[in-house]
Each structure stands twice: as structure tokens, then as C-alpha cells.
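Subject: Structure handover

Hello,

I am passing this structure on to you. Please open it and keep it in view while you read.

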Amino acid sequence: MAHQDKDHETKDMETRTFIPSQNVPYIHKVGIPPKQGLLKEFKTTVKETFFSDDPLRPFKDQPKSRQFMLGLQAVFPILEWGRNYNLKKFRGDLIAGLTIASLCIPQDIGYSRLANLPPQFGLYSSFVPPLIYAFMGSSRDIAIGPVAVVSLLLGTLLQNEFDPVSDALEYRRLAFTATFFAGITQATLGVLRLGFLIDFLSHAAVVGFMGGAAITIALQQLKGFLGIKHFTKKTDIISVMKSVFGSIDHGWNWQTIVIGASFLAFLLSAKYLSKKNKKLFWVSAIAPLISVILSTLFVYITHADKQGVAIVKHIEKGINPPSVNEIYFSGENLLKGFRIGIVAGMIALTEAVAIGRTFASMKDYQVDGNKEMIALGTMNVVGSMTSCYVATGSFSRSAVNYMAGCQTAVSNIVMSLVVFLTLKFLTPLFEYTPNAILSSIIISAVIGLIDYEAAILIWKIDKFDFVACLGAFLGVVFASVEIGLLIAVSISFAKILLQVTRPRTAILGRIPMTTVYRNIQQYPEATKVPGVLIVRVDSAIYFSNSNYTKERILRWLTEEEDHLRATYQPKVQSLIIEMSPVTDIDTSGIHAFEELYRSLVKRDVQLVLANPGRLVLDKLYASGFPDLIGENKIFLTVADAVLTCAPKILQQV
């Protein structure tokens, strides 16, 4: 090259690419054959795509015995942190475990009703799954058990297949089957390290879905709250309101309303007090259990059940019976359970991972998302075989667990043991518990899922995100939980597709007195270089956006030429594409660049590339594209390209 004697050579050890100095084209001389370089880059790309870290790194250069122990610790984190466990930590876990147990017992009885299952199944699901998670989970703060949203979702999907009253056995078997496949789904995602899939449900969509689900759950509780016996099976707000007001003359029970309203006021007051004074967190934690005890005593003493107040009645005594033989492993119900399980498992996983990450960031420790998925999946698989339905992390219980001073997952073990004792000895005490109290407890619990502050923030930050949030919310409230979920996923995917197929581009201008080029819309002081149009592409160029990228660049050029013609300025002679944000390009992208080049030749405009990345440059050379436009048309920086394309103009500035 003409300037080669001025070049200083900077060697990249992987590609041995020589990078020239200023005002010299970016000449690509690769020591490694292009095929080998691309193969190595492909392997690196695959590794970075599926593995944010190196899962085998701790095992390298370790003796076999050490590798075995590390393997056990990877599966059972309790073996790692348990070595440093002491009495001080146990004291914190004991208090936290007892506190969340007082909250979970009344909640579990209520949530099982959302899933259309007998009350003992909610308690079963807070006995076995928390024990499994305590040994396999990596979060110190998450509290495991049934949750309102998943219970409602599962109940809604299951009753579309079987009636929970007339086909109680088939309904229960399908619930266990769905739980089994929910666990398989979660564990598979963890083993294959595919946890990024749950991120496709955007935060905005989750906020809207959770808010809509909270409204729906609260509306469903009007049956128990008002004492209505015949209630719609639909979950949309219109059907529920028709059912509520249609039975106002003959279906409402004033004694039930008094009990429900009184204790709902008590629960909300306790929650408000705890929110105002963080030290009084225990007030809202034990309020549900106090409500259950007091209301049960009241009904028992006054015989209110004889006045139409609906009560829980019998709760099966004893610990979880085995249910392996009830799971469908063949037939059409297998497919039904598989489909329902995937949906419920993904929602449960999204909630649990979000909760785990939230509290981990507050305590400044790391939660391994893949280990969490394996732990959650294993506990649901085992749970499905021990009469449990889908369990996951509960936000309300996890918050109480955190506030109560939990130190490790032992708090889940303590909670589980309390539930065990309840199942073994105390279930007859809940016989006279009024359903209105369970409805009040659920209403007070799900109110926290309506995060209007987050919705307002989403509106301020991104209007498209707000559309996803609102769409999910309205879908759940006015249609059904599954429709709302479908809308949430669809809008999230639509946003991804829009961003992938419509990448941003920008016109760059020169910042005065510098060689820096920036977006002229972001930096009004930046000025265009006469005779040169500089376009930056802010995305990888793939088959999905290559044609749009080409057309958008040509549209920028057409608009610029029209403007120059109208103002009697010199026409554009060079089009410079700033490619530093272009992380990758495929054959369709290169083909689009070839078409762009041919279009520019017809307009008598030369095509120049600035700062393409190593992978992009390798692919361009492999395709022979530099031979088409000329190797001297590829530069290290925009400033180099401009200095070559318009040297006289820059020297005058």
C-alpha cells in the first residue's frame, strides 16, 4: 500500500489482523485461514449465547475427589453454606420460619380453593416442596409454596378440561400431571441452561399480567366474601359482575358480609401499619392466622354456620399421600397435562426467579438462575408424586421471610415442619373457619400485586412497553387468565420482532473542533460534512432486517439529496456506513450490501465502510465483498474515512 511505510502494526493474537494508523484504509490481513477463524468465532458465539458463565470452570485442574464434592455442592448448595451454619443463623431462620408459617397456613387453604382443590392440597404443597428447595435452591430469602396467580391459572386451565365437582378424581389427576410436567419443564430449562427463555416475557407484560390477575382473583373471592352459593365459572369481570349483582336479592348473606368486611378491614389495617413501620412487619404476618382463629371461634360459639355462613368443613388429616399412580403417563390426558404444565411452570418460574433476584440484590449475593430452575423443577416433580400442585416462590411470604431476618433456606424447613404438625394434628381446628375469612385473606394478599407505580413508570419510559402492560392487564380482566397471558407473550414477541426487523439508524455529524462523529439529532451542534453522508446502523444485520436496513439507508440518501438540491448545495459523493454497532452479519446482510453498492453506483456515489468488527470483517472478506467495493474503502474510523473522502473540506474547517 502507498502508506504502508507509515503504518504501525498492532497484532491481535487471535486473528493476527494488522491495524493501520490514521488516514489509512483498514486493510485486513489474516494469518489464520478465514474458515478456521469463522469456525472459532462460531464456537465462541454459541458459548456466549447459551452460557453467560463457564459452568465447568470450578472443576478444572481439580482432583477427582474434589470434583465429586463440587458436583454434589452444585446440585445441593446446602452442602456448601451448611458448613458455616451456626446457632446465630438458626435463631434468625427459626423466627422467620415460624412467622411465614403463620402466614402460609391460612393462605394455603384459600389458594387451594383458587385451584379448585380440597384445602389439604394447599397445605401439602407447603410441606414437601419447601423441604426439597431448602436442599437444592440457591436463594436465602425465597419462601416456597402455592401462590395466588399460579393457583388461579391452574384452576382455570384445569376446569376447562374437567369439572372439579362432578369429575373430582379426574380433575385431581390432571392437576398432578400438570404439576409433574411443570417441574419437568423447569428442570429441563435449568439443565440445558435455557433460562433466558423466561426473559421473553417482558417486565412490562408481567406487571400488567400480575395486576390483571390480582383483580381477577379479588373478584373471584366475592363468592365467599358475599356468601353466594351459585357463582359463575368464568373469570372475566363482566361475567363475575353479572353473577354478583344477579344474586343480590336471594344469594347474599349479611352475616357472611359482616364477618368478611370486618376482618378484611383488620387485615388491611395490619398491612398499612407494617408498611408505615418496618419493625412491625410481624403484625401483617400474623394477622391472617389471628383472623382465622378469631373468626373460627366466633362461628363455633354463635353457630353462625346454621345461619348460612359457609365454612371450610372437613380438612383431611395426615401428611401427603403418594400420588405417583394418579399421574397420567399415557392417553389424551397426558397431552392435556403437558400443555397446562408448561404454561403453569413458565409462569411459576418467572415469578420465582424475579423474587429470588430481587432479594439477592438487596442482600448483595448472587442467585444462580439455572440452579434455581433445577431446584424448582425437582421440587414440583417430587411434589406431583406426593399430592402437591404447582408451588413456587411467594412474594408476600418471601418479603415477610426477609423482614423477619432469615439467614438461609432453613427458614423453609422450619415452615415445612410447622405445616407438617398442622397436617398431623391441627386440621380439625379449621373445620368452622368461615370461607369469608379465606376470601378476605386472599384479597388482602393480592392487592400488593397491583403495582400502579411500576405501570406509571413504564408509561414514562416506553410507550410500547406500556401497551404490553395494558394489553396483558385488560386481557386478563376482560377475557381470561390464559387470554391475558397470550396477549402478554404476543406483545412481548411483537416488540422483539419490531426491534429485530426495524433496527435504528442515524445520520452522523462532526462535533466542532474534534474528529468525533455523533448523531445529529442527539447533538444539534454536530454538522454534516459537505459531499459526504454518514449513516450509522445500530444493530446486527440479519435476514430479518437486511432489506429494511438497505432501504432505510437509501431513503436517508434520497432525503439528503432532495435537501441538497433544494438548497443548491453539492451532491453527495460518498456514503459512509459506521459499522461499530454491527456485531454480526449473515449472507442476507452481505447480499443487501451488494445490492446497496449497485444502487449507489447508478447514483455515482461511492460506498465506504468504517470500523466493522472482527467477525463482520471476516465474513465480508469470506464473501469477497471488499473486492467488489475496493479494499481501500474500508477504514478504521469515521474520521479516517471522511479525511480520505473529503480531505480539502476538513482541512478548511
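Please bear in mind that the model is predicted.

**Aromatic rings**

The count of aromatic pairs is 12.

Phe181 has another ring partner, Phe338. Here the centres are 5.4 Å apart and the planes are again at 85 degrees, so this pair is edge-to-face too. Which helices hold the two residues? Phe181 lies in helix H8, residues 168-191, and Phe338 in helix H14, residues 332-363. The pair therefore ties together parts that are 157 residues apart in sequence.

Phe338 has a relative accessible area of 39% and is partly exposed. Ring pairs link Phe180, Phe181, Phe329 and Phe338 into a cluster.

**Charges over rings**

Two arginines are worth a look. The charged end of Arg173 sits over the ring of Tyr328, at 4.2 Å from the ring centre. The charged end of Arg552 sits over the ring of Trp556, with 3.9 Å to the centre.

**The sheet**

Next, the strands. How many strands form the open sheet, and in what order? There are 6, ordered E4-E3-E5-E6-E7-E8, with mixed pairing. Strand E4 (517-519) and strand E8 (634-635) are the edges. Each of these two pairs on one side only.

Leu609 has Ile634 in E8 as its bridge partner.

E3 and E4 are antiparallel, joined by 3 bridges. Gly509 is bridged to Arg518 in E4. The hairpin of E3 and E4 has 6 residues between the strands. In that hairpin, Met513 takes a positive phi near 65 degrees.

E3 also pairs with E5. That pairing is antiparallel, again over 3 bridges. Ala506 stands opposite Arg536 in E5.

Why is E3 described as largely enclosed by the rest of the structure? The reason is that 6 of its 6 residues are buried. Both faces are covered. Thr505, Ile507 and Gly509 are buried on one side. Ala506, Leu508 and Arg510 are buried on the other.

Helix H22, residues 546-566, lies across three strands of the sheet: E3 (505-510), E5 (532-537) and E6 (574-578). H22 runs at about 150 degrees to E5.

Last, look at Ile238. This residue is found in helix H11, residues 237-246. Ile238 is partly exposed, with a relative accessible area of 47%.

Best wishes

Conventions
Residues numbered from 1 in each chain as written. Predicted model: local features only at pLDDT ≥ 70, side-chain atom pairs only at ≥ 80, totals over all residues. Heavy atoms only, no water. Phe/Tyr/Trp six-rings, centres within 6.5 Å; stacked < 30°, edge-to-face > 60°. Helix = DSSP H or I, 4+ residues; strand = E, 2+ residues; numbered from the N terminus. Buried < 20%, exposed > 50% of the residue type's maximum accessible area, 1.4 Å probe, protein only. Lys NZ or Arg CZ within 6 Å of the ring centre and 35° of its normal. Pairing = 2+ DSSP bridges. Contact = heavy atoms within 4.5 Å. Axes fitted to C-alpha atoms, helices over the stretch in contact; angles between N-to-C directions.
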